[in-house]
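Q: I'm new to this one, and I'd like to learn how to read it. Can we go through it together, one feature at a time?

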Amino acid sequence: MSRRRQQQKEDPSSEEEGSFAQFSNEEEEEEDDISMSDVASDSSGSDDDESDRSPQQKEINLVKDSDEEDLERLVLGTKSADDFRAKLLAGDDFLLPDVTGSKALVSVAADKEEVNDQFKNVDDSMLFMVDTVGGGEGVIAHAEKKAEEAVVDKPAWEDSDDERLTVSLAGVGRLRKLREFEGEDVVNGTEYSQRLRAQYMRMYPVPEWARPAAEKKTRRRRRSSAAGGSDESGLSGEEADSDEEGGDYEDALPLEQFLRDVNAFAEDDDTRLSKRRKLRPETLDIQRTRDIPDTHKAGVSCLAFHPRHPILLSTSVSSVMFLHHVDAAAYPTPNPMLTSVQVRRTDLRRAAFLSVKGEDGEGQGEEVVFAGRRKYFHSWNLATGAVKKISKIAGHQKEHKTMERFRASPCGRWMAVAASDKKGGGMLNILNAATMQWVAQARIDGRGGIADFQWWSSGEGLTIAGRDGQVAEWSLESKRTVGVWRDEGSIGGTVLAMGGRHGPRAIGEDRWVAVGNSSGIVNIYDRNELLVASKDKKDVEIKKLPTPARVLEQLTTAITILSFSPDGQLMVFGSNLKKDALRLVHLPSCTVYRNWPTEQTPLGRISAVAFSADNSILAIGNNAGKVRMWEIRG
């Protein structure tokens with residue numbers, strides 16, 4: 001056998017190339033030639049060096065056991081190299097047992113019977129699960145809980161002392177809100193930390209961008225023309241996300257959806273009338289309620305409530321306008337923001353709601369008119385989102401270097417814009433609110449021009465206060481001034497306001513008119529006392545020097561805030577030149593309330609005030625950009 005191997009080594013070509021079967025037979029022959037003595041000698045000398053082994057001891061390493069031979073036959077085959085190549089090209093099927101054979105079928109059947117015998121005596125109800133509502137929800141809830149536990153990251157570090165730590169929830173006032181029931185007091189450190197985390201998440205929920213992708217709902221983005229603005233105006237606002245489900249109302253902007261769903265928020269006239277109450281003089285039941293959560297970056301320049309819906313409009317010179325839904329009980333954020341608009345390159349100084357009506361008298365939708373110290377102003381239709389820019393008034397464009405001083409009539413048909421040209425006194429240009437076309441011009445003669453002006457409640461005229469103390473009554477019907485009177489003791493008028501009901505029909509049906517001046521005095525006049533009785537009812541004659549019903553001298557700095565409540569029972573006046581300079585007045589007694597505000601009332605320097613349409617909310621804005629709210633109960 002050794003000669004054959006030596007011959008193969010000398011002449012390798014004598015062996016058929018790739019003949020694995022011949023190699024296997026030779027190994028079997030060598031295995032027969034090896035004696036047990038060689039094996040014994042090899043095992044005894046296994047610790048010696050390999051160089052000291054005999055050729056027979058080296059050949060013993062080529063002996064294969066049964067497992068190796070089975071593996072060799074399985075992989076390489078036992079017939080020839082051609083058979084191996086054929087099976088290799090045929091795929092991996094030759095590695096699997098032949099299940100078509102009778103032995104394989106018998107084996108599979110036996111295994112099946114063995115499995116069936118295991119469940120022979122088991123009830124069918126134990127083998128099958130009926131998917132009921134309760135059971136299904138329990139399984140799903142358990143799976144969701146497991147999934148949440150898998151998603152939530154484990155804390156990077158845990159303190160073993162938390163279990164031994166005890167915290168009293170009832171003993172500390174700030175921790176009482178963490179109790180699950182009233183009698184609960186002491187908890188350990190672990191439970192205390194978990195409740196703190198839960199309380200934090202309730203106050204500051206995870207924002208949309210920080211949530212995992214699995215928790216986010218499929219949303220689509222829609223951009224309204226109100227948010228996007230126009231090329232001329234340069235408006236930029238927030239895009240509103242809406243769920244794909246829910247119809248047209250869900251796809252609309254939050255403000256548009258709010259205005260469309262009138263039945264959910266608007267109150268009928270009977271409900272409003274039932275809520276009207278008569279306020280008492282001297283003391284007022286007023287309580288602070290939830291403030292507006294968003295703060296302006298500059299002082300609040302204007303506040304306005306929607307005439308029918310609980311919406312508050314606020315602006316500032318930081319070029320941002322907010323619209324908030326006034327609801328102190330809203331969750332999770334009281335008084336949530338509906339939308340915000342940023343007007344580039346415009347310091348917003350005045351804004352107002354305008355109910356535009358067409359020529360047929362039908363309403364065309366709600367609009368917000370806003371302007372800054374610029375030669376133009378904007379009109380934003382809340383229903384359609386369309387924004388219009390009014391950059392000039394035909395024939396009067398040179399009179400307006402700024403359009404920030406405007407007033408909208410209560411009827412929604414007209415707008416008055418004060419001209420910045422003071423030559424020869426002051427001028428007001430009257431515009432048609434639907435078309436923004438010039439209609440008429442009102443003038444007042446006097447030094448310093450126009451201090452302030454207000455529309456009559458009927459919308460048929462204006463009352464204009466000059467800086468020299470003169471007050472003019474101008475009629476839109478006749479397009480002329482029907483009378484001029486002088487504010488008593490005034491050396492410089494600053495603001496003017498009108499309110500109340502059941503006044504003279506000839507000059508707008510307003511009961512009260514108040515004029516504030518630069519010395520801190522406010523004069524209140526009964527407009528029924530302004531008229532002089534005349535035989536001819538067509539002519540209107542006004543007293544030149546009327547006597548005020550009440551003179552208010554509570555403040556010492558110039559009056560900058562003056563406003564009446566919609567029902568005419570309250571009047572507020574204040575000054576921006578001194579901190580906490582604000583007073584409330586009861587009408588018709590014309591007495592100042594003595595119980596509010598107090599020294600602890602957080603007012604600051606007041607820059608804007610507004611009453612809600614139902615007279616229940618008083619909103620006050622200050623120079624810090626905050627809007628605080630008070631509820632008037634009676």
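Q: How many helices and strands are there in the protein chain?
A: Helices (H or I, at least four residues) and strands (E, at least two) are DSSP runs, numbered from the N terminus. Here the protein chain has 15 helices and 33 strands. Keep in mind that this is a predicted model, where local features need pLDDT of at least 70 and side-chain atom pairs count only at pLDDT 80 or more, while totals for chains, interfaces and linings use all residues. Residues are numbered from 1 along each chain as its sequence is written, and side-chain values use heavy atoms, with hydrogens and water left out.

Q: What is the mean pLDDT of the protein chain?
A: pLDDT is the predictor's confidence in each residue, from 0 to 100. The mean for this chain is 75, and 64% of its residues reach 70 or more.

Q: Where does pLDDT stay under 50?
A: One such stretch is residues 261-274, with nine contacts beyond four places in sequence in the model; contact means heavy atoms within 4.5 Å. Residues 4-9 also stay under 50, and the model has six contacts of that kind for them.

Q: What share of the residues in the protein chain is buried?
A: Buried means under 20% relative accessible area, exposed over 50%, and partly exposed in between (1.4 Å probe, protein chains only). Of the 634 residues in the chain, 38% are buried.

Q: Is strand 10 mostly covered or mostly open?
A: Strand 10, residues 337-343, is mostly covered, with five of its seven residues buried.

Q: Which way do strand 9 and strand 10 run?
A: Two strands pair if DSSP finds at least two bridges between them. Strand 9 (residues 320-325) and strand 10 are joined by five bridges and run antiparallel. For Val320, the bridge partner in strand 10 is Gln342.

Q: How many disulfides does the structure hold?
A: A disulfide is a pair of cysteine sulfur atoms within 2.5 Å. This structure has zero. As for individual cysteines, Cys411 is buried at a relative accessible area of 17%, and Cys590 is buried too, at 4%.

Q: Where is Cys590 found, and what is it in contact with?
A: Look in the loop between strand 29 (582-586) and strand 30 (591-592). Leaving aside neighbours within four places in sequence, Cys590 is in contact with Trp512, Ile524, Arg550, Leu552 and Val585. Met571 is 19 residues from Cys590 in sequence, and their C-alpha atoms are 8.9 Å apart in space.
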